[in-house]
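Dear colleague,

Please find below the structure that I am handing over to you. My notes on what was found in it follow directly after it.

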Amino acid sequence: MPTGPSAPSSPLVIRLDAPQHVGDQPVRYQSLWLLMRVYYAARYESASVPLAALKSRFAQAGDLRMLVSRAFADFAEWGVSAGWGDDRQADARLLPTRGRGRGPFWLPSHELERIVVTIGGAVPTDERRTLATFLGLSHDTPATLDTPALDYVMQDIAFWHHVTLGKRDMQDGIFFAPSDPAPHGRTRTQRTGAIPSFHAAQVCAVDDVQRGIALLAETIVWRRMGDVARAKRTLTALAETFGANQPTQNASPTLRAMHWIVQAWQAYALRDEAGAFAHLQRISDDASLAPCLVYNPRIRFETRNLQALLYKTHAARPGPQPARAQSAADALAAFSDALQAAFEADSIELAQHVAANIGLSLWLFWQDSLIDPARRLAVSDVQRQALRWIGLSEWICDRFGVGGNSVWNTVFLLRIARGAVPVRRDPDLATLRASTPLAVDAFLDAVQPFGAPFSRAKGFSKWTDVVATTLADHEDGRVRFEPLQLANLWFEMLWFALHQDGDSPQATHAAQSLGRVLPMLPPPDRRFFRDALRLMPREFQREVRVAE
């Protein structure tokens, strides 16, 4: 009969030699090991037992949480009330089981006094040495040893392996394993895919910080893929892992701040600009997080970069010119601050993202007279400078192998290349073909000294070849572009194909492909493209609508 927590004074006799028993009940070895480990930690180390200790001892266990669950079920059968979590003064009987599998584990003092360890029916003369032998601990370990720290560095480093693989695949834009596996089984160069790697990392995580790192990375991948539902689910799991709203003592400020940043990105993707601003504001309003904006350049970059994009959206929206001009100025200031933060963070990848956004924003704001309204700058000078920023971004991608195969640089430079063309609604084909976008050779001259990535092999002889080369990477499965990126590429292909060859099979294919992508976009993006299509001849506007 279990003694239960209501009778804490009754002794609990534990036999460590075979056949192992607790009281008169046979036991699972893993459950007995955990009970003896928390007993040893409480009596001889005045410490709790981290999950890493179980991971180190039972490295081959497929599911540590199941091992913990079975152990606590056995504890209940034996009438032992063990605890978990950071608060060792809590009443173990009242702790919620949610989160129990994460540890750390401990034994209340009243349970400590009940346990009687025996070998061959007798109490060992040196209990500590006997327990150390049973647990696989060093006999000479001093009582003051910081065992959680040692356990952490002695853990299986599978988590770091998986999360590193996932980061590399995320950087390269490989979100899932390639559909065609290596012909002779797994090789050292075969890619796993970011999502599977981050899932594997979560299984191997030994604490909430590690789990949070993997969940945060997974959330960013889903957001980049445009999968709002999965990003939201992963964000919820991330918030539950470390308590975003009611942070625990050991919660990471950086992870909590990044949680709000990813929440803001999620709102931004849903065109909830007020919600995005509000999530970012939570960081500066939280006294425990606000220092991150000063001392953590990565957090400052992410915050200022997203703020810049939100200001850019405000500037592009119809409204009073002074308010739009102020938003444009705020956007350029935020982008500039983000660029500095990227270099402070020693992250060249972040720098390339913001450099591209500076280039496009400079051009768009100047076109709409939101900056330089007196037109002191010549159109060619602004166009060349904007392209040079895009060139810097692409040059960084090329030289440093970063950028995740982002297509936005290509989209931006194509938009700027045709940016000086007079805007005419519903032009006929002859009028469109008479316009003069920037020639490829002029672009290659303008983009110096960052021209190395723009080779003839990548299509830089005709603008349609540039788009075709980029789309081929997606269609051949080398990279995966999200619907908004594809819509922009097919729109540019349609315009340049019409300008280059008129009513051609290439233009018709581009119109039909654009029409098939548009239903995948959220309503605001669909409205943007329907308005932008007024730059095309009516017959090709119809071609797009029919394909939808």
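In this predicted model, ring pairs join Phe443, Phe454, Phe460, Trp463, Trp495 and Phe496 into a cluster. Rings of Phe, Tyr and Trp (its six-membered ring) count as a pair if their centres lie within 6.5 Å; planes under 30 degrees apart are called stacked, over 60 edge-to-face, and the rest tilted. The structure holds 22 aromatic pairs. One of them is formed by Phe72 and Phe105, which are tilted, with 6.0 Å from centre to centre and 45 degrees between the planes. This pair links distant parts of the chain, since Phe72 belongs to helix 3 (residues 64-78) and Phe105 to strand 5 (residues 105-106), 33 residues apart. Helices (H or I, at least four residues) and strands (E, at least two) are DSSP runs, numbered from the N terminus. Both Phe72 and Phe105 are buried, where buried means under 20% relative accessible area, exposed over 50%, and partly exposed in between (1.4 Å probe, protein chains only). Phe460 and Trp463 form an edge-to-face pair, 6.3 Å from centre to centre with 75 degrees between the planes. Phe460 and Trp463 are buried as well.

Rings also meet charges here. The charged end of Arg375 sits over the ring of Trp366, 3.6 Å from its centre, and the charged end of Arg100 sits over the ring of Trp84, 5.6 Å from its centre. The criterion is that NZ of Lys or CZ of Arg is within 6 Å of the ring centre and within 35 degrees of the ring normal.

I turn next to the helices. The protein chain has 25 helices and six strands. The axes of helix 16 (residues 348-367) and helix 18 (residues 408-417) come within 10 Å and cross at roughly 20 degrees. Axes are lines fitted to C-alpha atoms, for helices over the stretch in contact, and angles run from 0 to 180 degrees between N-to-C directions. Helix 16 and helix 18 are therefore roughly parallel to each other; angles under 35 degrees count as roughly parallel, over 145 as roughly antiparallel, 65 to 115 as roughly perpendicular and the rest as oblique. Residues of helix 16, including Leu360 and Trp363, meet residues of helix 18, among them Phe412 and Ile416.

The axes of helix 12 (residues 273-285) and helix 14 (residues 297-316) come within 11 Å and cross at roughly 155 degrees. That makes helix 12 roughly antiparallel to helix 14. Among the residues that meet are Phe277 and Leu280 in helix 12, and Leu306 and Leu310 in helix 14.

Where does Leu521 lie? Leu521 is placed in the loop between helix 23 (505-517) and helix 24 (523-532). Leu521 is buried, with a relative accessible area of 4%. Neighbours within four places in sequence aside, Leu521 is in contact (heavy atoms within 4.5 Å) with Pro483, Leu484, Ala487, Arg526 and Phe529. The C-alpha atoms of Leu521 and Leu484 are 6.6 Å apart, although 37 residues separate them along the chain.

For the protein chain as a whole, 49% of the 548 residues are buried.

Residues are numbered from 1 along each chain as its sequence is written, and side-chain values use heavy atoms, with hydrogens and water left out. Because the model is predicted, local features need pLDDT of at least 70 and side-chain atom pairs count only at pLDDT 80 or more, while totals for chains, interfaces and linings use all residues.

Yours sincerely
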